[in-house]
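Subject: Structure for your review

Dear colleague,

Please find below the sequence and structure that I am handing over to you. A summary of what was found follows.

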Amino acid sequence: MRYLRARRLAGALAVGLTAVAVTAQTPPPGVAADGLIHAELTLDAQLISVAFRPDLPAAGGTHLALLSGAVGSRARVGSLTAHRALRIGSITPGAEAPPPVAEDEAPEPPVSHELWLARTVQGWELEAHAEDSPDPAVIPLAHRATDAAAPTLSASLHATAAEAGRLVLRWGAHVWSADFRFDELPPRPPEARPTAGSDGTARERDTDTTPIFRRNLLDERNETALVLPGGERISALYWKSVDVEDEDYPALASTADGAVVELIRAPVLRLRSEVGLRVGGADLPTGNLVPGFAGSYGLWLRRAGDGWQFVFNNEPDSWGTQHDEAYDMAAADVYYSRSDGAFRPLGITLAPAGAGRGRLIVHWGPHEWAADFTVVD
């Protein structure tokens, strides 16, 4: 019922905005600017984030020996922060028990590592230097060459299972990757304390950014996100465990031309952006629901002849069987492909390709639908 109420609210807002042009007012950045790109992935409420400079060129600079594959060369490429349950390379989950947490407190701070890319006699690897450890952890990397050279360094995080994923680095003609997962840890014991909001104060679901709201949100959904150098955040939420064994998955093959893919047990995919975006040929401004706030869209997958489209809808809280084309904002043709990962749950990746560019990827089993996006000032 809460999704129906949210859908009616979103619909009412959209109706109210149809007679008013969306203003050029943009929302403030969600976090403080640090000049870096942050690629984030939250699986089962566990975060992994990679931060890197958007201007590390593949041509020129002191890292030419590294990109030429010279053994013994290395360069600092960014940082890794993650929930202590992370397992990647020789980084293993923290064994110490965390302290109790109150319901209204922020989650425990993630563990941070400085990342260095190195070429050794064994191959390519990441050295992960933690502040409290004299010896770096080592993350062996799979490597392949590519004809589509990346002019600057980029990093992306791709979900491959319910609690597992893949880190991908691109730089020049190189693509490196490493698989990771989150191990199961004992839960943090709750602290006996009155919960926030027990005085009856109303909270708005779409604007409440308190820790308890975010925790509840991530109890049901996973999230992929990019934080731009100016602090602006682009994120996408998707329901956990929409698997290839579910009744919705076989409907992909029989989806009629012009019809959207419905989800019986999940809400629509949700895209939120604090900057205007152009996805394929679709313009997605901020303030589509409330002027001065981040743009918030339901993301539907639609069959279009022999191909597919992303449809962006002004009802971001619709259930997966409640698409209303009257609230469709824009549509963009997408690239369709198949890859490995036949059992991947439905998910989304936001893969950066520079300070103001990237790719939006929806995946389900071996299927991938992708569209490039740019930030629109």
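Two strands are taken to pair if DSSP finds at least two bridges between them; helices (H or I, at least four residues) and strands (E, at least two) are DSSP runs, numbered from the N terminus. On that basis, strand 8 and strand 9 form an antiparallel pair with twelve bridges.

The model is predicted, so local features need pLDDT of at least 70 and side-chain atom pairs count only at pLDDT 80 or more, whereas totals for chains, interfaces and linings use all residues. Residues are numbered from 1 along each chain as its sequence is written, and side-chain values use heavy atoms, with hydrogens and water left out.

A pocket here is an open set of points on a 1 Å grid over the protein atoms alone, where a 1.4 Å probe fits, with protein on both sides within 12 Å along at least five of seven lines; lining residues have an atom within 4 Å of a point. The volume, which is the space filled by probe spheres set on the points (joined across faces, edges and corners), is about 1,000 Å³ for the second largest pocket. It is lined by 43 residues, and those closest to its centre are Arg-144, His-158, Val-168, Arg-170 and Ile-361. Strand 8 contributes the most to this lining, namely 15 residues. Counted by class, the lining holds 17 nonpolar, 17 polar and nine charged residues (nonpolar: Ala, Val, Leu, Ile, Met, Phe, Trp, Tyr, Cys and Pro; charged: Asp, Glu, Lys and Arg; polar: the others, Gly among them).

In strand 16 (residues 307–313), six of the seven residues are buried, meaning under 20% relative accessible area with a 1.4 Å probe and protein chains only. Asn-313 in strand 16 is the bridge partner of Gly-298, while Phe-312 has Ala-330 in strand 17 as its partner.

Notes
Buried < 20%, exposed > 50% of the residue type's maximum accessible area, 1.4 Å probe, protein only.
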